[in-house]
Amino acid sequence: MAAPRDPDRAGGGSGPGSGRPPPGDLRSALITSVLNLERLELDLFRGRHHWVPATQRLFGGQIVGQALVAAARSVSRDEQVHSLHCYFVRAGDPKVPVLYEVERTRTGKSFSVRSVKAIQHGKPIFTCQASFQLSQGSPVQHQFTMPSELIQKFLQNPNLAERYRKHLTKIQAEDVPIDIKPVNPPDTFCLEPQEPKQFFWVRARGYIGETDMKVHCCVAAYISDYAFLGTALLPHRQYHIKLMVSLDHSMWFHAPFRADHWMLYECESPWAGGCRGLVQGRLWRRDGVLAVTCAQEGVIRVQEMPNQSKL
């Protein structure tokens, strides 16, 4: 499966482990701004906002990414994150910074666990547990196969993908530090039910380069929440969204990757009901290696479109 090509940017047409920044290219805003936390004490950090969504709620991916940065700064360089599990407990206030309080729950010989609490106005808005592991080899290895769906529709009409990108979610803004290109985007104006499955080519904007793998994992945490929950609404496009927010978010990291290189984000929703939706995702490297697995449940409240009303 071919990824989008970008001749004007290094790494756009290369797989993980290659690519150099072209002259004048700036480092990714995700590294220099969004995920660049200020250390206040040993295990206390302050994070600021790169951009504010139109919904006037903090972007969940920002909170997940910043929390993982805080946790990662309390472990050794040799330890790499292999999983994290998060809960969003209150809406974030975009007018004030977020404090991240890290608890060193356990530091073992092979695994270490860190608990992170994100705080605003003296109350937690988010909690997270992240587990880190020292590299260990094992003969027990397998993975799913990268999906083989064709992307000719995207390749033949990139303008369609660009129009769809602008309608992905209400959080779209010019300052979003992500490049995202949908594969075979649906007709934005069609209200017919669709299969709850979609694919995106995603990467961080700007150059990150070869660095501690935890940095790329933090960037992937930011990216993973973008347009994710909307997958659950594809079979229900006849409804108007009143509220759609994340309740929890989990990630498992399987293999090294470059977050500033194109990866295929495979998203699907196996279930929705009770004003909640469940979505699952897989981030694939271009060479077919499964890099990250994600899962999320969120609140979804809808109402019938005016012209669909039975009243």
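Is Val302 buried, exposed or partly exposed? I looked it up: Val302 is partly exposed, at 35% relative accessible area (buried is under 20%, exposed over 50%, partly exposed in between, with a 1.4 Å probe and protein chains only).

I note that this is a predicted model, where local features need pLDDT of at least 70 and side-chain atom pairs count only at pLDDT 80 or more, while totals for chains, interfaces and linings use all residues. Residues are numbered from 1 along each chain as its sequence is written, and side-chain values use heavy atoms, with hydrogens and water left out.

Next, the strand. Val302 sits in S12, which spans residues 290-304 and has 11 of its 15 residues buried (strands are DSSP E runs of at least two residues, numbered from the N terminus).

Then I checked the partners. S12 pairs antiparallel with S9, residues 239-253, over 13 bridges, and with S11, residues 276-284, also antiparallel, over 9 bridges (pairing takes at least two DSSP bridges between two strands). Thr293 in S12 stands opposite Trp252 and also opposite Arg282. In the S11-S12 hairpin, 5 residues lie between the strands, and Gly288 takes a positive phi near 90°.

Last, I went to Ala295, another S12 residue. Ala295 counts as buried because its relative accessible area is 19%. I listed its contacts (heavy atoms within 4.5 Å): leaving out residues up to four places away in sequence, Ala295 touches Phe228, Asp248, His249, Ser250, Trp252, Val279 and Gln280. Asp225 is 70 residues from Ala295 in sequence, and their C-alpha atoms are 9.6 Å apart.

How values were computed: Helix = DSSP H or I, 4+ residues; strand = E, 2+ residues; numbered from the N terminus.
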